[in-house]
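Good morning, and thank you for joining. Please have the sequence and the model open, as I shall refer to individual residues throughout.

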Amino acid sequence: MQGLRNVFRCAWSSTERLDGKTVVITGANTGIGKETAIDLAKRGAKVIMACRDAERGQAAVKEVVEGSGNQNIVFMKLDLADSKSIREFAEAINKDEPKLDILINNAGVMVCPYGKTADGFEMQIGVNHLGHFLLTYLLLDLIKKSAPARIITVSSLAHSWGSMKLDDLNSEKKYDKNAAYSQSKLANVLFSHSLSKRLEGTGVTTYSLHPGVVKTDLWRHLNGPQQVLMKMASPFTKNSSQGAQTSIYCAVEPSLEKESGGYYSDCAPAKCSSEGKDDVVAQKLWELSCQLLSITWE
């Protein structure tokens, strides 16, 4: 079994340093977000851990400091299900941080029961896509000033089973938690693709990725049969440290400096679905996202 597991392990490694760099990671208090934070902290970066829960966030900061030997780790409250929280977080970053070199849009919710964000969006599209869309928009001037800089969005292979329901983005007509999750992960790929085009020539590059099938807290909403399937698949799943490797690769790999808008898996370029590269769908999603968030972002 261990041999099988190793087939899916990422062989990439790098000694690249991030001294003097500032990184924001959303959902950094658990799973692959926390492992990404530890790795980038070991490389000398200042890491801002953007988490919803203060108690868990502070506890995770302690773990990252201990795991990396880097004291320059900060918790900041961010609830991606509430645009007020996103705006307050971004305002504080823009006021207090002279630069932002790497933004990792990592937080997510997965196949949860139907619920709405504070702004009335379906929870999965609201947190996974719209929350990160607004956050990136609000931090973009600082990121541009810090170029060369990178924006990394954690998607999933599940994006390839999704389609954008642009006439019912919030699943109000019909809610299928798996379809809503896949749609939100497709939105991540489309957002990163669109963003790369808008950032051409700025020195800011974008990446979306599939971390692998990683056993994390996100599994908590899986139903009985899905839990059984995941148990059967467990020899092929990654732990959080292995799952973080492609996020880290996109953040630090020097050869990616001139690449932008691509999709990655197992620390290498990968193929996304045909809809993930559809410029027409991407543009429609962009316009709809701006409209829902009441922002103007050409």
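Strand S2 comprises residues 46-51 and strand S3 residues 73-77, and the two pair in the parallel sense over five bridges. Helices (H or I, at least four residues) and strands (E, at least two) are DSSP runs numbered from the N terminus, and two strands pair if DSSP finds at least two bridges between them.

Some conventions are in order. This is a predicted model, in which local features need pLDDT of at least 70 and side-chain atom pairs count only at pLDDT 80 or more, while totals for chains, interfaces and linings use all residues. Residues are numbered from 1 along each chain as its sequence is written, and side-chain values use heavy atoms, with hydrogens and water left out.

Let me turn to the sheet. Eight strands form an open sheet in the order S3-S2-S1-S4-S5-S6-S7-S8, with mixed pairing. What stands at its edges? S3 and strand S8 (268-269) do, each with a single partner strand, so one side of each has no neighbour in the sheet. Elsewhere in the sheet, S4 and S5 pair in the parallel sense over four bridges, and Ile 104 has Ile 152 in S5 as its bridge partner.

Asn 72 is partly exposed, because its relative accessibility is 40%; the classes are buried for under 20% relative accessible area, exposed for over 50%, and partly exposed in between (1.4 Å probe, protein chains only). Not counting residues up to four places away in sequence, Asn 72 touches Ala 45, Lys 46 and Val 47, where contact means heavy atoms within 4.5 Å. Between the C-alpha atoms of Asn 72 and Ile 48, 24 residues apart along the chain, the separation is 8.6 Å.

Is Thr 153 buried or exposed? Thr 153 belongs to strand S5 (residues 149-154) and counts as buried, because its relative accessibility is 2%. Leaving aside residues up to four places away in sequence, Thr 153 touches Asn 105, Asn 188, Phe 191, Tyr 207, Ser 208 and Leu 209. Of these contacts, Ser 208 is 55 residues away along the chain, with 4.7 Å between its C-alpha atom and that of Thr 153.

Next, the charged side chains. How many salt bridges does a search of the whole structure find? The search finds eleven, a salt bridge being a side-chain nitrogen of Lys or Arg within 4 Å of a carboxyl oxygen of Asp or Glu.

- Asp 19 and Arg 17 meet at 3.0 Å, N to O; Asp 19 is partly exposed at 47% relative accessibility, as is Arg 17 at 45%.
- Asp 39 and Arg 43 have their closest N and O atoms 2.6 Å apart, and both residues are buried.
- Lys 62 and Glu 66 have their closest N and O atoms 3.9 Å apart, and both residues are exposed. Because they are four residues apart in helix H3, about one helical turn separates them.

Finally, the backbone. Most residues other than glycine have a negative phi, and most peptide bonds are trans. Which residues does a cis peptide bond join here? Ala 147 and Pro 148, with omega about 5°. Pro 148 lies in the loop between helix H5 (123-145) and S5.

Val 111, at about 40°, sits in the loop between strand S4 (102-105) and H5, and it counts as buried because its relative accessibility is 3%. Ser 171, at about 50°, is in the loop between S5 and helix H6 (177-198); Ser 171 also counts as buried, at 8% relative accessibility.

That concludes the tour, and I welcome discussion.
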